[in-house]
2 protein chains.
Amino acid sequence: MLTSKELKRFKKLHQKKHRILEQLFIAEGVKVVEEFIVEGFKPINVFADHTYEGKVSTSVYRVGSKQMEQLSAFKKSPGLLAVFEMPIKKKLNFNGWTVALDSINDPGNLGTIIRTCDWFGIDQILCSSDTVDCYNPKVVQASMGSLARVNCYYGDLGLELKSSGQVVYAADVKGEYYHEVEWPVSGILLMGSESHGISPSLKNTIHRFVHIPKSQNSRAESLNVGVSASILLSALQK
Amino acid sequence: MLTSKELKRFKKLHQKKHRILEQLFIAEGVKVVEEFIVEGFKPINVFADHTYEGKVSTSVYRVGSKQMEQLSAFKKSPGLLAVFEMPIKKKLNFNGWTVALDSINDPGNLGTIIRTCDWFGIDQILCSSDTVDCYNPKVVQASMGSLARVNCYYGDLGLELKSSGQVVYAADVKGEYYHEVEWPVSGILLMGSESHGISPSLKNTIHRFVHIPKSQNSRAESLNVGVSASILLSALQK
């Protein structure tokens, strides 16, 4: 049974400060929950409502639809929800490519970038401390379980970029045409926010600028940051 | 002043059936509203709350925060909201590339695809009738105004693909490596849903399959459909 005290406790995990305090986070939906379990994450509780038909490799507690609604961070709960322990913070490792994110606020964008990194074999993302928390339920959802494999490291972006010893590529309109860049086997791809671009304080950490030009007749103003990152990652993996 | 009758009427535009009935839709935020106005869309009403400071090129009605909250489709309203007339349905035109979408349900994904198409100069998207409505407020938002320039045509996808006279490329794991495809100057890129792929009934409309392979050591299951479409569009624009 889920007591009202537990319900209250787990509901608080929708907020970053409580996730940090408890070192716990929530994942929802069979596919996402299963990915975390397969990758060795430890669920401390798994809850399911009557819509769930038993496809996850762990035992579940049955809860009522009302309780599930309260636990879920979504308007429409997927019917299965797990509370996981956060993994131990991993150290950075600059063997291959790294994505660095400067002030990315939208959870869907971060989730998408995590998922794309996972697809292209990039296992770490360096996030500025004001980038949305990777354990935000919407990030967890959009990453479709890839968060279980990609290390999101939060810290002082300027310091980390400088001490990495890597060539830093940043997306910028004044950059080189991305299809003509000779991408090395390792490096850092730095993406800024859609509305503010890359922070002025980071400008002196950048070695090269790259650009995805729009079509000649296009009146569009910009690309989504998750899309830009994905297009550049697809190009450097060639 | 906004009467309670009007408030009720405009709130209903969050639902597809009322949008179709009234031939009206809602756009929110200065940037998005301004794009529609610039592209010649006719706002029948523009509402702003106290947070708005007058950056849009049309006259606005002031409303209270509570009324704005009710009008807005978002948890946090951007403070400016316009009700636009839907444009007259445009005919399809297969001069350049077209994107075709089969059962894309997520509004964020459709919005992102519209925005990416706009960036790469693709001005029409062929949508299966069960693809999410392009005037859904979340699609309008994610398209960042690009919906003002990209024609989303809903119809019988199978019939339209067959009668287009175009070569149809579909994203599929068994397809050709997308970087090695010799993309023609015009064609159709068909994308299926992430969970169900392309409908069996469309299989006989496809001429070629293309694929974005994952990294050798990747355990990721799939890419986001907006990301896949964007990567393929970036490749065929080279």
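Predicted model: local features only at pLDDT ≥ 70, side-chain atom pairs only at ≥ 80, totals over all residues.

Reply: Leaving aside its neighbours within four places in sequence, D49(B) is in contact with R62(B), V63(B), S65(B), M68(B) and G79(B). D49(B) belongs to the loop of chain B that runs between β2 (43-48) and β3 (61-62). This aspartate is buried, yet no salt bridge is found for it. The nearest side chain of opposite charge is that of R62(B), 5.9 Å away.

Helix α3 of chain B spans residues 30-38, and its buried residues are V32(B), V33(B), E35(B), F36(B) and I37(B). The cover over these residues of α3(B) includes β1 (24-28), β2, β4 (80-85) and α6 (137-142) of chain B. After α3(B) comes G40(B), which has a positive phi near 90 degrees.

In α3(A), residues 30-38, the buried positions are V32(A), V33(A), E35(A), F36(A) and I37(A). Their cover includes β1 (24-28), β2 (43-48), β4 (80-85) and α6 of chain A. G40(A) follows α3(A) and has a positive phi, near 95 degrees.

How are the two chains related? Chain B is superposed on chain A by a rotation of 180 degrees with 0.0 Å of shift along the axis, and the RMSD is 0.0 Å. This is therefore the relation of a two-fold axis. The same surface serves both copies, since 100% of the contact residues of chain B recur in chain A. Within chain B, the residue that comes closest to the rotation axis is I231(B), whose C-alpha is at 2.6 Å.

The strands of chain B complete the view of that copy. In β9(B), residues 187-191, five of five residues are buried. G187(B), L189(B) and M191(B) point one way from this strand, while I188(B) and L190(B) point the other way. Strand β5 of chain B, residues 97-101, runs parallel to β9(B) and is joined to it by five bridges; A100(B) has L190(B) as its bridge partner. Strand β8 of chain B, residues 168-177, is also parallel to β9(B), with three bridges between them, and Y169(B) stands opposite L189(B).

In chain A, strand β6 (residues 124-128) likewise has five of its five residues buried. Q124(A), L126(A) and S128(A) lie on one side, with I125(A) and C127(A) on the other, and both faces are covered. β6(A) pairs in the parallel sense with β5(A), residues 97-101, over three bridges, and A100(A) is opposite L126(A). Between β5(A) and β6(A) the chain passes through helix α5 (residues 107-119), in a right-handed β-α-β crossover. β6(A) also pairs in the parallel sense with β7(A), residues 151-155, over five bridges, where C127(A) stands opposite Y154(A). Together with helix α6 of chain A (residues 137-142), β6(A) and β7(A) form a right-handed β-α-β unit.

How values were computed:
Residues numbered from 1 in each chain as written. Chains lettered and ligands numbered in written order. Heavy atoms only, no water. Buried < 20%, exposed > 50% of the residue type's maximum accessible area, 1.4 Å probe, protein only. Helix = DSSP H or I, 4+ residues; strand = E, 2+ residues; numbered from the N terminus. Pairing = 2+ DSSP bridges. Right-handed = clockwise from strand over helix to strand, strands pointing away. Least-squares fit on C-alpha atoms with pLDDT ≥ 70 in both. Contact = heavy atoms within 4.5 Å. Lys, Arg positive; Asp, Glu negative; His and termini not counted. Salt bridge = Lys/Arg side-chain N within 4 Å of Asp/Glu carboxyl O.
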